[in-house]
Amino acid sequence: MELKFTQEVKDKWLENLKSGKYIQRYVGLHNKIDNTFCCIGVLGDCIEGLDNNVSENETKNETKNPYVFLRNNSIDVHSIWSLNDKQSKNQRTGYYNDDYSNVIPLIESLQVIE
């Protein structure tokens with residue numbers, strides 16, 4: 001059975017992005033050395049049936065790939081990862097964001113499949 005982008009999946013993804021459990025990384029799903037994740041890597045880590053250990057380029061038809069999962073659910077992956085990878089300085093701290101605050105509003109606006 002193919003995994004769908006339901007409200008439950010969206011809520012779990014957002015909950016994990018906001019939890020503080022994950023540190024945002026740029027370029028790549030998951031860096032095992034410093035244990036950082038791009039926002040799509042958080043999706044791959046927190047949703048059963050997805051796997052961050054697959055490469056987008058190597059496995060175009062692999063449904064466990066978080067990129068492919070989003071594309072199969074008519075979600076613009078490019079907009080998500082490009083916003084995730086856009087480093088923006090936090091006005092309050094002067095440091096670059098590492099908390100997904102730049103991408104959460106976009107994810108909150110995504111349409112779900114019921």
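Is C46 buried or exposed? C46 is buried, at a relative accessible area of 8%; buried here means under 20% relative accessible area, exposed means over 50%, and partly exposed is in between (1.4 Å probe, protein chains only).

A word on the source. This is a predicted model, where local features need pLDDT of at least 70 and side-chain atom pairs count only at pLDDT 80 or more, while totals for chains, interfaces and linings use all residues. Residues are numbered from 1 along each chain as its sequence is written, and side-chain values use heavy atoms, leaving out hydrogens and water.

Now the layout. The protein chain has five helices and three strands, in the order α-β-β-β-α-α-α-α from the N terminus. These elements are DSSP runs numbered from the N terminus: helices are H or I with at least four residues, strands E with at least two. Of the chain's 114 residues, 39% count as buried. Its accessible surface is about 6900 Å² (Shrake-Rupley method, 1.4 Å probe; for residues, only the protein chains shown count as cover), and carbon and sulfur atoms own 47% of that.

On to the core. A nonpolar core is a set of buried Ala, Val, Leu, Ile, Met, Phe, Trp, Tyr and Cys residues joined through side-chain atoms within 4.5 Å. The largest one holds 27 residues, and W13, L17, I40, L70, I80 and Y100 touch the most other members.

The largest share, five residues, comes from α2. Take I40: setting aside neighbours within four places in sequence, I40 is in contact (heavy atoms within 4.5 Å) with W13, L29, N52, P66, Y67, L70, V77, I80 and W81.

What about the cysteines? The structure holds zero disulfides, a disulfide being a pair of cysteine sulfur atoms within 2.5 Å.

Last, the largest pocket. About 220 Å³ of space lies in it, the volume being the space filled by probe spheres set on grid points joined across faces, edges and corners. On a 1 Å grid over the protein atoms alone, a pocket is an open set of points with protein on both sides within 12 Å along at least five of seven lines, and lining residues have an atom within 4 Å of a point. Eleven residues line the largest pocket, with L3, T6, E8, V9 and I47 nearest its centre.

Key: On a 1 Å grid over the protein atoms alone, a cavity is a set of points where a 1.4 Å probe fits but cannot get out, and a pocket is an open set with protein on both sides within 12 Å along at least five of seven lines; lining residues have an atom within 4 Å of a point.
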